Structures are given as C-alpha cells and as structure tokens.
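Have a look at the structure first, then read on.

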Amino acid sequence: MVHYNLVTPVSEQDIRKLRINDTVTLQSTLFGIRDATQIHMFDHDRKTRFDLNGHAVIHTAPNVRKVPVSEAFPAGYEPICIGTTTSDRMERFTRPLMTQNGVRIIVGKGGMREGSAKAFKEIGGVYLAIIGGTAALETTWIEQIEDVDMDDLNPESLWRFKIKDFGPLLVAMDSHGGSIYQEVKGDVASKKEAVLKSLGITS
C-alpha cells in the first residue's frame, strides 16, 4: 500500500500508478457534482464553462450560505457543510464524464459498478472512497468555493472548490480492473455456504 499526494489536474500516467488499497490526498482543485448536474450535462447537452480535463469530481450537493462577493468568497458562497453522497445512482455518467470532459478521478461513497470499472480501465481513471458521515471533516479540507456554474440547479450546481490536504482517500477502484467492492462481494460469496451450514440452513 502506497500513499500519493496528487495535485490536480493529473495525467493518465499519474492515475495508472494507483492500485486498490493505496491512499491519496488531493491538492489544489476539486469539482462538486451531483445527479441534476449530470442529467443536464449529458441528457440535455448542457455545456459547462469549466475545464474538467484531468480533474477530480466529488459527488456532493453542499450546504452553503450566500454571502457578498469578496476576496474570501469569490463565488459569493461560504461553505457550511460539504459532505459526500452515494455514488451508485450516478453510475451511467462515469464514461461520459471521462470521454467528454476528461475527468480522471471520482470521489464518493459506496462504490460504483461494472460500467465504471470498465471505463476506468479503458480510459484511465480511479474511484476514491471516502467514509460516510465525515462531512464536517471534509468541509475543513475545503479552503474556498472559488466558482460555481449551472447555479440555477443549486445546490446541485457545478462547484469549483479550492482544497488543501483533501484526504487521505482510499483507492477503491483502480485503472487495472481492481475493485475492493468486488473483492468483498467475492469474500462474502465464498463464506456464505459455510455460515449457512453452521446455522443449520441449507441453500
């Protein structure tokens, strides 16, 4: 297991070094994205003015406060609580995020499925898992909301966060076909019969 400190944007070469169970801390920029954002981008062909090439996105709809624009709050928003939502329901957007927008890293919780695993392997991407229930801690890793696009979808806008020491995050799906979720699924399946037998249950 190796720890990596990655400054976004990253290259495919950076991503191909990562293996499941490695850990990553992100620096510089992170984009917040959620269901409605991606529905508008990929179902309604809505374009963003942000360059996501080589960047990381996090599945979130943050709790923010509207404030006057200033040097400290250039987008006019103060972060209150920026947590992570479950990724699975956004499975169908992984490939277009990568092929159309150049995204390399997805941060979320709960994992993603076979379609995402295939896209990560073919294109060069990773899924970084964060522990659920750590929104307060995550918020301390975000220094500033630098900008926002598609703000009519608020809170499911496309957010650009300035981050520092965002992590450590676990490499849960890598660009080589590795997935801790599939490993756990396999372990459960292999032990199921023995557990049922010990309980006197036959499948």
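## Contacts and fold

Of the contacts in the protein chain between residues at least 6 apart in sequence, 67% join residues at least 24 apart. Please keep in mind that this is a predicted model.

The protein chain contains six helices and nine strands. Its radius of gyration is 18 Å, close to the 17 Å that the globule rule gives for 203 residues, so the chain is as compact as a globular protein of that length. Along the principal axes, the C-alpha atoms fill a box of roughly 65 × 35 × 35 Å.

## Inside and surface

Buried residues account for 50% of the 203 residues. The accessible surface of the chain is about 9900 Å², and carbon and sulfur atoms contribute 52% of that.

## Charges and salt bridges

You will find 24 positive and 26 negative side chains here, with the centres of the two sets 4 Å apart. The structure holds 13 salt bridges.

One of them joins Asp-147 and Arg-49, whose closest N and O atoms are 2.9 Å apart. This pair links distant parts of the chain, 98 residues apart: Asp-147 belongs to strand β8 (residues 142–149), while Arg-49 sits in the loop between α2 (35–43) and β3 (56–59). Asp-147 is buried, at 18% relative accessible area, whereas Arg-49 is exposed at 55%.

Another salt bridge pairs Arg-113 with Asp-88, the closest N and O atoms lying 2.8 Å apart. Both partners are in loops, 25 residues apart. Arg-113 is partly exposed at 42%, and Asp-88 is partly exposed at 30%. Elsewhere, salt bridges with shared partners join Glu-12, Arg-16 and Arg-104 into one network.

Note on methods:
Residues numbered from 1 in each chain as written. Predicted model: local features only at pLDDT ≥ 70, side-chain atom pairs only at ≥ 80, totals over all residues. Heavy atoms only, no water. Helix = DSSP H or I, 4+ residues; strand = E, 2+ residues; numbered from the N terminus. Rg over C-alpha atoms; globule rule 2.2 N^0.38 Å. Buried < 20%, exposed > 50% of the residue type's maximum accessible area, 1.4 Å probe, protein only. Contact = heavy atoms within 4.5 Å. Areas by Shrake-Rupley, 256 points an atom, 1.4 Å probe, with all protein chains shown as cover. Lys, Arg positive; Asp, Glu negative; His and termini not counted. Charge placed at Lys NZ, Arg CZ, Asp CG, Glu CD. Salt bridge = Lys/Arg side-chain N within 4 Å of Asp/Glu carboxyl O.
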